[in-house]
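User: I would like to go through this structure feature by feature. Please give the general idea where there is one, then the case at hand.

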Amino acid sequence: MRRALQLASRARDEGEVPVGALVVQGGQVVGEGWNRPIAASDPTAHAEIQALRAAAAASGNYRLTGATLYVTLEPCDMCLGAMFHARVARVVFGAADPKKRQLKYSTVVEGQVLAEECGAILSSFFAAKR
């Protein structure tokens with residue numbers, strides 16, 4: 001977690017929200033990141049996502065089975081979803097995020113548009129993989 005704090009300081013020094021993260025797999029640090037959404041003009045450039053991307057690139061695999069992700073702030077839902085898809089085994093965070101569930105904005109979600117066609121392309125893809 002001390003290394004994650006150093007990365008958080010780097011984010012702060014760059015004018016970003018000070019959050020740092022790292023991924024450890026097999027006892028080795030395989031990816032590091034710090035918040036960069038402003039610098040990268042990328043709303044997904046959270047510290048955890050940056051660390052996951054670096055770890056996946058270093059390992060040559062998006063699946064980080066057995067990995068632990070250390071982060072200085074409780075992860076948001078987006079980051080937790082990315083960790084789930086990466087098969088991260090464990091998450092260790094520092095500070096709790098009291099505003100985690102208090103979203104300031106809302107997005108209208110509309111579903112089932114061309115549902116059959118969208119489902120068919122997915123089904124045919126996975127059928128061909130089997």
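User: Is phenylalanine 125 buried, partly exposed or exposed, and why?

Analyst: This is a predicted model. The class follows from relative accessible area: under 20% is buried, over 50% is exposed, and partly exposed lies in between. Phenylalanine 125 has 44% relative accessibility, so it counts as partly exposed. The residue is found in helix H5, residues 115-129.

User: Which residues form a nonpolar patch on the surface?

Analyst: The patch consists of Ile121, Leu122, Phe125 and Phe126. Together they have about 420 Å² of accessible area.

User: How should I read the sheet, and in what order do the four strands come?

Analyst: Strands of a sheet pair through backbone hydrogen bonds, in either a parallel or an antiparallel way. Here the order is E2-E1-E3-E4, in an open sheet with mixed pairing. Strand E2 (28-34) and strand E4 (90-95) are the edges, each pairing on one side only. From one strand to the next, the twist averages 15 degrees.

User: How many bridges join E1 to E2?

Analyst: Six bridges join strand E1 (residues 20-25) to E2, and the two run antiparallel. One example is alanine 21, whose bridge partner in E2 is glycine 33.

User: Which strands does helix H3 lie across?

Analyst: Helix H3 (residues 47-59) lies across E1, E2 and strand E3 (68-73). Its direction is at about 140 degrees to E2.

User: What does valine 91 touch, leaving aside residues up to four places away in sequence?

Analyst: Valine 91, in strand E4, touches Leu69, Pro75 and Met83. The C-alpha atoms of valine 91 and proline 75 are separated by 8.8 Å, although the two residues are 16 apart along the chain. Valine 91 counts as partly exposed because its relative accessibility is 32%.

User: How many salt bridges does a search of the whole structure find?

Analyst: Side chains of opposite charge can pair when their charged atoms come close. The search finds five salt bridges. In one of them, the side chains of arginine 3 and glutamate 32 meet at 2.8 Å, N to O. This pair links distant parts of the chain, with arginine 3 in helix H1 (residues 2-13) and glutamate 32 in strand E2, 29 residues apart.

User: Where do arginine 36 and glutamate 14 lie?

Analyst: Their side chains meet in a salt bridge of 3.7 Å, N to O. Arginine 36 is in the loop between E2 and helix H2 (37-40), and glutamate 14 is in the loop between H1 and E1, so the pair ties together parts that are 22 residues apart in sequence. Arg10, Glu14 and Arg36 are linked in a network of salt bridges.

Terms used: Residues numbered from 1 in each chain as written. Predicted model: local features only at pLDDT ≥ 70, side-chain atom pairs only at ≥ 80, totals over all residues. Heavy atoms only, no water. Pairing = 2+ DSSP bridges. Axes fitted to C-alpha atoms, helices over the stretch in contact; angles between N-to-C directions. Contact = heavy atoms within 4.5 Å. Patch = residues over 30% accessible without salt bridge, like charges linked within 9 Å, V, L, I, M, F, W, Y side chains within 5 Å. Areas by Shrake-Rupley, 256 points an atom, 1.4 Å probe, with all protein chains shown as cover. Salt bridge = Lys/Arg side-chain N within 4 Å of Asp/Glu carboxyl O. Buried < 20%, exposed > 50% of the residue type's maximum accessible area, 1.4 Å probe, protein only.
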